[in-house]
Structure formats: C-alpha cells, structure tokens
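Biologist: I have the model open beside me and would like to go through it with you. Could you start with the general picture before we turn to details?

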Amino acid sequence: MPASIEFKRRLRWADADAAGRLHFPRIFEIVEEAESELLRGLEWPMDVRRKRYDFPRVHVECRFLRMLPLDSSFRLRLTVGKLGRSSIRYDYQVFDDGEELAIEGTMTVVMLQNGKPVEVPQALRAALGGDASDPVV
C-alpha cells in the first residue's frame, strides 16, 4: 500500500492573497510541508536527506476547484502516486472544512546525488509502499 499522510490546518495570513483567499503558489509549499512530514515519519528526516541526496521538484500540477478563504480549516492528503527508478510522484487532495474537494494535483521529485539522478534506495522504496519486486520505470 502506498505511503500517505493527512493533516489538518487553517489557512494562515501568510497563505492568503490580498482578497483573503489561498494565494495559489502557497499550495506547493503546503504540499512540501506534507512531503517533509511523510518522509520524517518514515525515518528520512530532512537532515538525513540533505546529507546524501537532493530532491528537486521536476513537475507540479494543481487544479483549484473551490476557494479556501483566510482562517478556514482544511485537510490535506498526500499519497505516493508512483515510484519511478529515480523519481517519486506524489498525488495530493485538499478538502475544505465541509469535506468537499477543493484542490488536487501532483508533485514529482527526482532523487539526485552529486547532481545526477540515482535510484530510489530500496529502504526508502519499501517505506514508500514499493517493493523490491516492483518494476521501476
């Protein structure tokens, strides 16, 4: 089963635009926060990752379906959507306080070592819900 994480929070002042709604680029920072929490929970905290690997974002998508106003609560779900040979695609959904889907998208990261793509280590692959017998693409 693919690894996932959910968390609840409120739309903070720093997340909002002048109209008091989620400022669109902030969703990517919130997704990165979820990714960090997911990896920390799998014993891949930031200090461990940064010592050996880089995780640049190579593709992001976002579809806004509903507005998230300032101070509203929301729930974000981040799931490993696909494990490639050297990449991880995360799928995310954001639900408003009425549990309606408000935002959905994907974020793909590539695993680099010394500036070059490397295979996702087997321990991380297994923790993310992959398996040594899974085909890698």
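**Working through the model**

Modeller: Of the 137 residues of the protein, 41% count as buried, where buried means under 20% relative accessible area, exposed over 50%, and partly exposed in between, with a 1.4 Å probe and protein chains only. This is a predicted model, in which local features need pLDDT of at least 70 and side-chain atom pairs count only at pLDDT 80 or more, while totals for chains, interfaces and linings use all residues. Residues are numbered from 1 along each chain as its sequence is written, and side-chain values use heavy atoms, with hydrogens and water left out.

Biologist: How many helices and strands are there in the protein?

Modeller: There are three helices and seven strands, taken as DSSP runs (helices H or I, at least four residues; strands E, at least two) and numbered from the N terminus. Read along the sequence, they follow the pattern β-α-α-β-β-β-β-β-β-α. The radius of gyration is 16 Å, close to the 14 Å that the globule rule gives for 137 residues, so the protein is as compact as a globular protein of that length; the radius is taken over C-alpha atoms, and the rule is 2.2 Å times the number of residues to the power 0.38.

Biologist: And what does the C-alpha trace span along its principal axes?

Modeller: The trace spans about 45 × 30 × 25 Å. As one example of a separated pair, alanine 123 and aspartate 17 are 106 residues apart in sequence and 40 Å apart in space, C-alpha to C-alpha. Alanine 123 lies in helix 3, residues 122-127, and is exposed, with a relative accessible area of 57%.

Biologist: Let's go inside. Which residues have the most contacts inside the largest nonpolar core?

Modeller: Those are Leu78, Ile88, Tyr90 and Leu128, in a core of 33 residues. Such a core is a set of buried Ala, Val, Leu, Ile, Met, Phe, Trp, Tyr and Cys residues joined through side-chain atoms within 4.5 Å. Two or more residues each come from strand 1 (4-10), helix 1 (26-41), strand 3 (73-83), strand 4 (87-96) and strand 5 (101-110), and helix 1 gives the most, with six residues.

Biologist: What does leucine 128 touch?

Modeller: Not counting residues up to four places away in sequence, leucine 128 touches Met1, Pro2, Ala3, Leu38, Leu39, Leu42, Val80, Leu83 and Ile88, with contact meaning heavy atoms within 4.5 Å.

Biologist: Which residues of helix 1 are buried?

Modeller: In helix 1, Arg26, Ile27, Ile30, Val31, Ala34, Glu35, Ser36, Leu38 and Leu39 are buried. The helix has 16 residues and reaches 23 Å from its first C-alpha to its last, close to the 22 Å expected at 1.5 Å a residue, the expected span being 1.5 Å times one less than the number of residues.

Biologist: Why does arginine 26 count as buried?

Modeller: Arginine 26 counts as buried because its relative accessible area is 19%. Leaving aside neighbours within four places in sequence, arginine 26 is in contact with Arg12, Ala14 and Asp15, and a polar atom of its side chain lies 3.4 Å from the backbone oxygen of alanine 14.

Biologist: Switching to the strands, how do strand 3 and strand 4 pair?

Modeller: They pair in the antiparallel sense over nine bridges, pairing here requiring that DSSP finds at least two bridges between two strands. The two form a hairpin with three residues between them, and the bridge partner of valine 80 is tyrosine 90 in strand 4. Strand 3 is also joined to strand 1 by seven bridges, again antiparallel, with lysine 8 opposite arginine 75.

Biologist: What about the other partner of strand 4?

Modeller: Nine bridges join strand 4 to strand 5, and the two run antiparallel, with valine 94 opposite isoleucine 103 in strand 5. Strand 4 is mostly covered, as eight of its 10 residues are buried.

Note on methods: A polar contact is a pair of N or O atoms within 3.5 Å; within protein, one must be able to donate a hydrogen and the other to accept it, and residues adjacent in sequence count only if both atoms are side-chain atoms.
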